[in-house]
Amino acid sequence: MLSDQERKRIEEELTHHEHKRGAVSEALLIVQESRGWVSDEVVADVAAALDMSVDDVDGIATFYDLIFRRPVGRHVIMICDSVSCWVTGEEKILGHLTTRLGVELGGTTADGEFTLLPVGCLGACDAGPALMVDGELFDHLTIEKTDQIIARYRNGKHGTTSHG
């Protein structure tokens, strides 16, 4: 069941759209912001709130990379697996991350700290390889830079870095 706060924020979002279905992705993100992910129950609740079918809302929820349909770690690492990043060394960075974090792509660390997910493109094609952690983009990755990023997020000091 949607909380009063979630329902209020969704209703506010609806004022920005001519049709309710235009607010689906934002409604899902609103709920995800408070719960961390979007369960089947949430999909059904959002569908009811927007007068849509559960299948239509689920189709949107599973289409977007930034809507998580299963529980994720405290920090979500999205590694770009586009051709541009692959050519510039994405496989080496991904291999290092899976070893360092002890998870495969799509997995969450045992301590619940990190989830490692693929993403088709982060829009940093001229600066690959690239990854995003909790919406913060990092590019021109090296093994050393990747280790520094992970360490900063583990230590809670992630807002004080440069990205180049």
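How many of the residues of β1 are buried? Six of its six residues are buried, so β1 is mostly covered; buried means under 20% relative accessible area, exposed over 50%, and partly exposed in between, with a 1.4 Å probe and protein chains only.

This is a predicted model, in which local features need pLDDT of at least 70 and side-chain atom pairs count only at pLDDT 80 or more, while totals for chains, interfaces and linings use all residues. Residues are numbered from 1 along each chain as its sequence is written, and side-chain values use heavy atoms, with hydrogens and water left out.

**Overall make-up**

The chain has seven helices and four strands, and from the N terminus the elements follow the order α-α-α-α-β-α-α-β-β-β-α. Helices (H or I, at least four residues) and strands (E, at least two) are DSSP runs, numbered from the N terminus. The C-alpha trace spans about 50 × 30 × 30 Å along its principal axes. Of the 164 residues in the chain, 43% are buried. The accessible surface is about 8,800 Å², with 52% belonging to carbon and sulfur atoms; areas come from the Shrake-Rupley method with a 1.4 Å probe, and for residues only the protein chains shown count as cover. Among contacts (heavy atoms within 4.5 Å) with a separation of 6 or more, 59% are between residues 24 or more positions apart.

**The sheet**

The four strands form an open, mixed sheet in the order β2-β1-β3-β4. Two strands pair if DSSP finds at least two bridges between them. Because β2 (114-119) and β4 (136-138) stand at the edges with a single partner strand each, one side of each is left without a neighbour in the sheet. Neighbouring strands are turned by 25 degrees against each other on average, direction ignored. Axes are lines fitted to C-alpha atoms, for helices over the stretch in contact, and angles run from 0 to 180 degrees between N-to-C directions.

Strand β1 (residues 75-80) pairs with β2 in the parallel sense over six bridges. His75 has Phe114 as its bridge partner in β2, and Met78 has Leu117. On the β3 side, β1 runs antiparallel and is joined by three bridges; there Ile77 is bridged to Val133. In a regular strand the side chains alternate between the two faces of the sheet. In β1, His75, Ile77 and Ile79 lie on one side and Val76, Met78 and Cys80 on the other, and all are buried.

Helix α7 (residues 143-154) lies across β1, β2, β3 and β4 and runs at about 155 degrees to β4.

**Loops and backbone**

Pro71 sits in the loop between α4 (54-63) and β1. Not counting residues up to four places away in sequence, Pro71 touches Trp37 and Thr108.

Most residues other than glycine have a negative phi, and most peptide bonds are trans. In the loop between β2 and β3 lies Pro129, which is joined to Gly128 by a cis peptide bond with omega of about -5 degrees.
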